Structure formats: structure tokens, C-alpha cells
Amino acid sequence: MPFDRGFIVAAALLAGLVAVELFGFRYLPMVDLPQHAAQLSSWVHLDDPAFGFREQFEINWRTPYLLVYLLARPFVPLLGVLGALKVTIFVAVIATFAAYLLLIRSVEQDPWISLLAFPLSFGFSFYFGFLNFLLATPIVITVIVLALRFGRRPDARGGVRLG
């Protein structure tokens, strides 16, 4: 089912508002954001002898918290550490909206409901700076959609997607 023009405009406006909120202020009201910035900065400067981080730290490639830093790291040269983390947060909000839209469409409801993803992205996980939970939310919602689809029509392809 195609989207009406009003829905697309509303989604774009809300995404723009999120961008203004994230990039319009230097510091966000997130408890753990300074710790994430310090961790990302440590990784960026790991081999810089002026910082001496190589002797103090090592990268744990098996941690579940690595996804945030992997997504943010390429943006650091362009935007700095804080800007790179803000881009990662923006990606998480947009991905949450996309996952809500996927869920709403799969249960054949009004797509306008998916716009609630924008304000809901700024809840508990945002304010406490749980960036990994912000990134995990769209993944979990997408897995729920795959499970719903598989439940309606079980087949090998759907089972592989769900797995």
C-alpha cells in the first residue's frame, strides 16, 4: 500500500526536528554520553603516542557494546567524537522509525502510528545514554516482524531470515 504525501512530509519533518535537536546543541541530556565519548576518543587515539593509550587499554572485540563505536568511528574525522556519536544516535532513531513502520504495515494498521517512534526514541534509553539499547530497539522490532511473518506462513526462507 502506497503512502500518502502527508505521511511522507510528516516523517521528513520529524526526522528534521530530530536532527535539529541532536545537532543544534553541543551537549545532549544523556547521562552516559561523556563515557561513550571518552571510550570512542580512546579508540581513535589508541596509537597516538602523545596520549599513551596503547599501554593502558586494549580493544575487546567480543563485547556486545562494540556496535555503537563501530558505527560512530568512521564519522570521527569529519565530525569529531561527539558529532560521530550524534550521527549514531540519529541513525538509531531513524532505524527505530523504519522498524515501527515495518511492524505497523505487517499488522495492517495505519502507518501514521509509526510516527510515534520519533518521540518514543527519546525515552529511558536516550536519557541514560544507553546507546546500545537505542541501536538494539530497531533490531528487536524487526525480529518480531520476522517472527510474525514466519508464524503466518512458515517456510524455510522465513525460518532462515528469522534465525
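Of the 163 residues in the protein chain, 34% count as buried, where buried means under 20% relative accessible area, exposed over 50%, and partly exposed in between (1.4 Å probe, protein chains only). Keep in mind that this is a predicted model: local features need pLDDT of at least 70, side-chain atom pairs count only at pLDDT 80 or more, and totals for chains, interfaces and linings use all residues. Residues are numbered from 1 along each chain as its sequence is written, and side-chain values use heavy atoms, with hydrogens and water left out.

**Overall picture**

The chain has eight helices and zero strands, counted as DSSP runs numbered from the N terminus (helices: H or I, at least four residues; strands: E, at least two). The C-alpha trace spans about 55 × 40 × 25 Å along its principal axes. Take the contacts (heavy atoms within 4.5 Å) with a separation of 6 or more: 70% of them join residues 24 or more positions apart. The accessible surface comes to about 10100 Å², and carbon and sulfur atoms own 67% of that; the areas are from the Shrake-Rupley method with a 1.4 Å probe, and for residues only the protein chains shown count as cover.

| Residue | Relative accessible area | Class |
|---|---|---|
| His36 | 10% | buried |
| Arg54 | 44% | partly exposed |
| Phe124 | 55% | exposed |
| Asp47 | 60% | exposed |

**His36**

His36 sits in helix H2 (residues 33-44). A polar atom of the His36 side chain lies 2.9 Å from the backbone oxygen of Gly129. Beyond its neighbours within four places in sequence, His36 touches Tyr69, Leu85, Gly129, Leu131 and Asn132. It counts as buried because its relative accessibility is 10%.

**The salt bridge**

Side chains of opposite charge can pair when their charged atoms come close. The rule here asks for a side-chain nitrogen of Lys or Arg within 4 Å of a carboxyl oxygen of Asp or Glu. The count by that rule is one salt bridge, and the partners are Asp47 and Arg54, at 2.5 Å from N to O.

**A nonpolar patch**

On the surface, Val31, Phe124, Tyr127 and Phe128 make up a nonpolar patch with about 410 Å² of accessible area together. Patch members have over 30% relative accessible area and no salt bridge; nonpolar side chains (Val, Leu, Ile, Met, Phe, Trp, Tyr) are joined within 5 Å, like charges within 9 Å. Phe124 belongs to helix H6 (residues 124-127).

Note on methods: Polar contact = N/O pair within 3.5 Å; in protein donor to acceptor, adjacent residues only side chain to side chain.
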